[in-house]
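Trainee: I would like to learn how to read a structure like this one. Could you take me through it, feature by feature?

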Amino acid sequence: MDGERYGRRAFLLVVAGGLTSLGWATKASGVFSPVTSAFSQAIGNILPVGGWRIYTISGSMPVFDPNSWRLEIDGLVERKLSLSYDMLLRLPRAEQVSTFHCVTGWTVDNVHWAGVRLKHLLELAQPLPEAKALRFVSMEVPYTDSLTLKQALLPDVMLAYQLDGKPLSRPHGSPARVVIPEMYGYKGVKWLTRIELVAEQPAGYWEGLGYDQNAWVGRSNGYSS
């Protein structure tokens, strides 16, 4: 009986601790996310993967479940979309080879991407006249960023689901990530789950830390390479 009472008491304490953590976790993430981002960048620089340095905001990478994942396209559109992974793969496929530039100064040449043009997704969703920008939301909270509608329609901008002939791996943003070769990599949101059409371009996570909104390679506050 003593063991049983102790077990119940311990269980209730664990539950209480879990519930109270819900209250402080959101606030704490705002405090610690810059720290984890800096730690991730340090580790990424020390341990590059195939020429890539893998960074995260939260310190962990989202897990992609093909059975439950959806790409939501909503906001200022005539037609809201909810695409499964299989539906995404059935859309008209685009491929390109481009150079990836990181704002910290490193690059990866001849990256083979495959995916869907943002232009095609926008044609399906039909943005309303007042829509001026796209807000990208990652499964990794609080990772968001944005492009203007004009930027999203550039001919080499895509939503990629393959890298070098293989489905995106977890470190590279599976199942889908934004690719815009003319801008630094922080604009290419990984682990994408939502595209929201909005009237004004919002600041993203990295802009909140001082990075430029328009991250043109060699023409913003990064390091040209």
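Trainee: Where does L71 lie, and is L71 buried or exposed?

Mentor: L71 lies in strand β1; helices (H or I, at least four residues) and strands (E, at least two) are DSSP runs, numbered from the N terminus. L71 is buried, with a relative accessible area of 0%. Buried means under 20% relative accessible area, exposed over 50%, and partly exposed in between (1.4 Å probe, protein chains only). Keep in mind that this is a predicted model, in which local features need pLDDT of at least 70 and side-chain atom pairs count only at pLDDT 80 or more, while totals for chains, interfaces and linings use all residues. Residues are numbered from 1 along each chain as its sequence is written, and side-chain values use heavy atoms, with hydrogens and water left out.

Trainee: Which residues does L71 contact, leaving aside neighbours within four places in sequence?

Mentor: Contact means heavy atoms within 4.5 Å. On that basis L71 is in contact with L81, S82, L83, L159, L192, T193, R194 and I195.

Trainee: What about D74?

Mentor: D74 is also found in strand β1, residues 71–75. Its relative accessible area is 16%, so D74 is buried. Not counting residues up to four places away in sequence, D74 touches K80, R194, I195, E196 and L197. The C-alpha atoms of D74 and R194 are separated by 7.9 Å, although the two residues are 120 apart along the chain.

Trainee: Which residues touch the most other members of the largest nonpolar core?

Mentor: A nonpolar core is a set of buried Ala, Val, Leu, Ile, Met, Phe, Trp, Tyr and Cys residues joined through side-chain atoms within 4.5 Å. The largest one here has 54 residues, and W52, I73, W113, L121, F136 and I195 touch the most other members. Strand β7 (residues 158–163) gives the most to this core, with five residues. To follow one member, take I73: beyond four places in sequence, I73 touches R79, K80, L81, L83, L121, A125, I195 and L197.

Trainee: How should I read a helix?

Mentor: An α-helix has 3.6 residues a turn, so residues three or four places apart point the same way. In helix α3 (residues 118–125), L118, L121, L122 and A125 are buried. Seen down the axis of α3, these buried residues fall within an arc of 100 degrees, so they line one face of the helix. The arc is that of the directions from the helix axis to the C-beta atoms.

Trainee: And what can backbone angles tell me?

Mentor: Most residues other than glycine have a negative phi, and most peptide bonds are trans. Q126, which follows α3, has a positive phi near 55 degrees. Q126 lies in the loop between α3 and β5 and, at 37% relative accessibility, counts as partly exposed. W191 has a positive phi near 55 degrees too, in the loop between β9 and β10 (192–198), but W191 is buried, at 0% relative accessibility.

Trainee: Where are the cis peptide bonds to P142 and P175?

Mentor: The bond from V141 to P142 is cis, with omega near 10 degrees, and P142 lies in the loop between β5 (133–138) and β6 (144–148). Another cis bond joins S174 and P175, with omega about 10 degrees; P175 is in the loop between β8 (166–167) and β9.

Trainee: How many cavities of 30 Å³ or more are there?

Mentor: Rolling a probe the size of a water molecule over the atoms shows where empty space is left. On a 1 Å grid over the protein atoms alone, a cavity is a set of points where a 1.4 Å probe fits but cannot get out, and lining residues have an atom within 4 Å of a point. Grid points are joined across faces, edges and corners, and a volume is the space filled by probe spheres set on the points. The count comes to two cavities of 30 Å³ or more. The largest holds about 320 Å³ and is lined by 23 residues, of which Y55, Y143, G185, Y186 and K190 lie nearest its centre.

Terms used:
On a 1 Å grid over the protein atoms alone, a cavity is a set of points where a 1.4 Å probe fits but cannot get out, and a pocket is an open set with protein on both sides within 12 Å along at least five of seven lines; lining residues have an atom within 4 Å of a point.
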